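Dear colleague,

Please find the structure below, with its sequence. I would be grateful if you could look through it alongside the notes that follow.

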Amino acid sequence: MSMSFTTSGKIWDRKSIILDNVFAYNIAVEITSLDDEMEPRSVEECKQRNDWDKWKEAIEVDVNSLSKREVFGPIGKTPLGIKPVGYKWVFVRKRNENNEVVRYKARLVAQGFSQRPGIDYMETYSPVVDSITLRSSKFGYASNGCCYNIPIWLVDNEIYMKIPEGLKVPEEYRHSQDMCSIRLQKSLYGLKQSGRMWYNRLSQYLLKDGYKNDRICPCDLGKTKFFLGLQIEHLKNGIFIHQSAYTEKILKKFYMDKAHPLSTPMVVRSLDPKKDPFRPHENEEELLGPEVPYLSAIGALMYLANNTRLDISFSVSLLARFSSFPTRRHWNDVKHVFQYLQGSVDKGLFYANNSGHQLIGYADAGYLSDPHKCRSQTGYLFTSGGTAISWRSTKQTIAATSSNHSEIIAIHEASRECVWLRSITQHIQETCGLPSSKKTPTVMYEDNTACIEQLKYRGVPITTPSSK
């Protein structure tokens, strides 16, 4: 079950859940939104609380902002054949990097799930930035940045919405409000096409102002201090990013904030598959019940491992394999990772201003690291200026026939990442007028002699079955 089971009643099917970055992000959002006092879910709930005055002010601020930008058209009777979309007020207390409430925020959103494809919207795709691009372009070049924010854009379809609470209704329609609606002249959060329209409008605005259209450049408002659970400290000699507040919160949510800290993220594995503590579920072992939030714990840890805590990447990758059939043994290993985090809450990544931007890669493989499925492990790491910007630890999808074979697979994956990172680096250098490293090769380190020789001479004569 999810961590918000007591309020949402949500139960996940462990066999059908896909553990990816989207799942990890949703878990992180759920964790950060959980608090001793839940956020109100409606205007009526706001009215029942002691801080109603602050919520009322937040509602008025949002309505005035939308009205000022002419998002709403006139209120009138709903045209024949038109199905107005619903609405919802979303309430949240904005927090700073120290998890302190600094502002009450109310956001009016459209219930886009009621929109009809081909009638209310056509296309919805819009490009987004991922964490690797953010680290390499924003933090990897700590002294550069661009800042623009354009939250409102013209709507591309004729859309009507039910009249939301907080909006003044003309006297003539107050007794027939159910038959009335309001036309959206500009797009609103929650609509299916909102993301795409925002991106198109932002591109037009920046291109008109002399910027080049590049889908790998993130834009933010001023110096960011807190971003998607990442705490960003702007120091004189660089930028330090960490997730200490998020780490403390997940430790508290999983009742591990009082646990004894450990110095390693996992126990030593045994070469004997039958004694391996990370072996799959055995027939005589009892599976964890739905009351144990194994999936939530893995998702929370994945969000850490993907953003700032590469030191737990392998452990989390290993434990994620048992999400469909977890046992008490696997749950104890998850708690071991939490205990490691308990002793290293403040760890993060420091990007220095004057450290240079040389890209260096490291690739390695663990031959038959999963002896139960006859699979090896791929691991790679890329640094810029001595600090990590990209990393991965994942089980290989094919069975390697030798240690040399597994290393070739690993360095192939690392090389693909290297080409992509070089393209990002090259674009930033050319756009910002920095010295170009286009003609400078990227050094990649690999510890398998046979693999190095094969790559060095672009292949060697195949004389043994292991080199095929």
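This is a predicted model: local features need pLDDT of at least 70, side-chain atom pairs count only at pLDDT 80 or more; totals for chains, interfaces and linings use all residues.

Residues are numbered from 1 along each chain as its sequence is written, and side-chain values use heavy atoms, with hydrogens and water left out.

The chain contains 12 helices and 13 strands (DSSP runs numbered from the N terminus: H or I of at least four residues for helices, E of at least two for strands). Of its 468 residues, 44% are buried, that is, under 20% relative accessible area with a 1.4 Å probe, protein chains only. Of the contacts (heavy atoms within 4.5 Å) between residues at least 6 apart in sequence, 73% join residues at least 24 apart.

Four strands make up an open sheet of mixed pairing, in the order β12-β11-β10-β13; two strands pair if DSSP finds at least two bridges between them. β12 (387–395) and β13 (443–445) each have a single partner strand, so one side of each lacks a neighbour in the sheet. From one strand to the next, the twist averages 15° (axes are lines fitted to C-alpha atoms, for helices over the stretch in contact, and angles run from 0 to 180 degrees between N-to-C directions).

Strand β10 (residues 359–370) runs parallel to β13, and three bridges join them. G361 has M444 in β13 as its bridge partner. Helix α9 (residues 313–320) packs on the sheet, where it touches β11 (375–384) and β12, and its direction makes about 25° with that of β12.

With kind regards

Methods: Buried means under 20% relative accessible area, exposed over 50%, partly exposed in between (1.4 Å probe, protein chains only).
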